[in-house]
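Here is a quick tour for someone meeting this structure for the first time. Have a look at the model, then read on.

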Amino acid sequence: MSSGNGSSEAPAIQAIDVVKLFDGVVPALDLLNLTVVHGEFVALMGPSGCGKSTLLHLLAALDMPTSGTIIVNGRDLRTHGNERYRRRDIGLVFQLHNLLPHLNALENVQIPMLGTGMGRAERLRQAQGLLAEMGLSGKEKMTPPRLSGGERQRLAIARSLANNPPILLADEPTGSLDSASVERVLELFRRIREERGVTILLATHDTHVASIADRIVYMRDGRIVESPRPEVSGAC
Amino acid sequence: MSFLGLIPRNVLTRKVRSSLTGFAVAIAIMMVVAMGVLTHSLRQTAISVLQTGKADFTIAQKGTSDVLYSSLDESQVNRIAAYPQIDHIVGVLVAAVALDSQHPFFLELGIPPDQLANFGVQIVAGRPYTADATDEIMLGYRASSDLNKTVADMITIDTDTYRIVGIFSIGQVFGDEASMLPLTQLQTTERKPGEVTLIFVTVKPGTNIPALRSQIEQDNPGLATVQTVSDFGRVDRNLSLISAANEGVSVLALFMGAVGVMNTMLMSVFERTREFGILRAVGWSRTRLVAMVMGEALLIALAGAVVGTGLGYAAIKVIQQLPQVLGFFHPEYTAAVFGRALGVAVGMAFLGVLYPAIRAALLEPLEALRHE
């Protein structure tokens, strides 16, 4: 394992002998082991169906492993993997944005902040700041259907950072974007990592996207194969 | 944006469906309000007959379908008067007649003139009728104004023509809209010799009224005493039936509205499965999700209640114009009626949203996110 810019050696994410069976028999993850240190930017690569998304779902506590242990920031998700964890400890970015189409950009960013005890003015200030950071100033009142694909994804990233989580989990965040938008989103991930020191685990098919990470982790058949060279391709 | 602000936003996102559900709730609430006002007002009108005058309580025939059908023999009046606790009693014959299309329910009260003071009658113009007069009548001041008749004018009731000799006030709307004439004359025209409808009882100071009522009813099994509105069903079964129908309508309206709310919220929960998955994925708790769904249902129901109350008010105005109820239906809009409507609306929301909310709460975020 290597640590990149701004990372410390303390593990942010530990997956130990994680097994996930679908329908009780089909293995999606097979005794998977992975450690990501604080502040590290890790790209997860592998062919479709290799288990990248399944791993991210388990790390996001959206699903539970069949066996094995997942520890995030020193806490076992079997006991701490609840909505509070999803609200405070991680940010989630999906390939298809998963924004609420009837709410405008400013409101979409504020959704995760509801119920955190943050005051209305503070929520508004935080949301406006994030939109500005994502280059979406002036688009606050626009609803997702009126934004371009790249803008939607940047909005989704803004939402994922709403509660200043220490970890960002991104599942194919550039999968549906044109090349210009991809570059802009990648630049954002770089900045988020550098300026906020956020630990990032990003699943992608794209070697170019993976190349911005500190480390690329290859997956195949629910297991991990590490590679030190992001430019190596062909696995996906 | 706040959590509470999100609720109307979500409701307004589906304007047509929310409006239709709100309208269904409004129809149900309209029924609750209209029936509530109608029942309450009819009850008040009927009880007004019993509370005319200054009596401590009233006696009528037990178990009649309508209080005006109560029939008591004048000998019973004398028997009641013999109780030592009683200061005085007034036996009154009540008859309802149709004067014309504008006054289909006009009351005639037959009272001996020497009992007028005991009954609380004040002569405001003219003089009282004499005991054996066959062509003298007094009008309540409201009736006088309404009919545009005054002392010395003539009035024809059915085929009988009377000279108005006095205008009275009894301090009670129902009585002041009526007429009074000698008891014997009304007994003659109504072909009810020796008969009265009600006995108004005034007791001596310090009398235990409940004990006296109980004693009278024990001694006279065919009589019922009435002191409060809740006693009324014992002498007017029609009104008891209307009250029961009112209760039934409220319950039916509750379930009708609840089914409408449930249908809408269930469809909403199904359609918004992915949205709920997103909310759960970004950290919303099941409780918050359920609160949002319940809030939406409550908002629709309350909006329906407001519209329904307005419709109920309009329905009462229409009913008030019906010739069948002119003269005896005076709508009273009480807090209890509106409270019941609000309670039914809230009940509809909670009953209707219960199952959809449970479904929303049980959604697994990952499954919900995969929902197309």
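## The largest pocket

A pocket here is an open set of points on a 1 Å grid over the protein atoms alone, with protein on both sides within 12 Å along at least five of seven lines, and a lining residue has an atom within 4 Å of a point. The volume of this pocket comes to about 490 Å³, where a volume is the space filled by probe spheres set on the points, and points are joined across faces, edges and corners.

Which elements supply at least two residues each to this lining? They are α1 (52-59) of chain A and α12 of chain B, with α1(A) giving the largest share, four residues. Helices are DSSP runs (H or I, at least four residues), strands are runs of E (at least two), and both are numbered from the N terminus. Sorted by class, the pocket lining has seven nonpolar, nine polar and six charged residues. For these classes, Ala, Val, Leu, Ile, Met, Phe, Trp, Tyr, Cys and Pro are nonpolar, Asp, Glu, Lys and Arg are charged, and the others, Gly among them, are polar.

## How to read the model

This is a predicted model, in which local features need pLDDT of at least 70 and side-chain atom pairs count only at pLDDT 80 or more, while totals for chains, interfaces and linings use all residues. Residues are numbered from 1 along each chain as its sequence is written, chains are lettered from A and ligands numbered from 1 in the order in which they are written, and side-chain values use heavy atoms, leaving out hydrogens and water.

## Where the chains meet

On the chain B side, 22 residues are in contact (heavy atoms within 4.5 Å) with 24 residues of chain A. The two chains bury about 2,200 Å² between them, 59% of it on carbon and sulfur atoms. That buried area is the accessible area (1.4 Å probe) that two parts lose on being put together, summed over both. Within chain B, the residues losing the most area to chain A are B:M1, B:V282 and B:L366, together 30% of what that side buries.

What about charges and polar groups? There are two salt bridges between chain B and chain A, a salt bridge being a side-chain nitrogen of Lys or Arg within 4 Å of a carboxyl oxygen of Asp or Glu. B:R280 pairs up with A:E83 in a salt bridge, with the closest N and O atoms 3.5 Å apart. On the side of chain B that touches chain A, α1 (3-13), α9 (273-281) and α12 (365-370) of chain B each give two or more residues. Of these, α9(B) gives the most, six residues. By class, that side has eleven nonpolar, five polar and six charged residues.

## Enclosed spaces

Searching the whole structure turns up six cavities of 30 Å³ or more. A cavity is a set of grid points where a 1.4 Å probe fits but cannot get out. The largest cavity has a volume of about 100 Å³, and among its 13 lining residues A:R86, A:I90, A:G91, A:R159 and A:S160 are closest to its centre. In chain A, α3 (83-88), β6 (90-93) and α6 (149-160) each supply at least two residues of this lining, and β6(A) gives the most, three.

The second largest cavity holds about 70 Å³ of space. Its lining includes B:N10, B:R14, B:T264 and B:E296, and α8(B) contributes the largest share, three residues.

## A salt bridge within a helix

Over all chains there are 20 salt bridges. One joins A:E195 to A:R191, with the closest N and O atoms 3.7 Å apart. These two residues are separated by about one helical turn, because they sit four residues apart in helix α7 (residues 179-196) of chain A.
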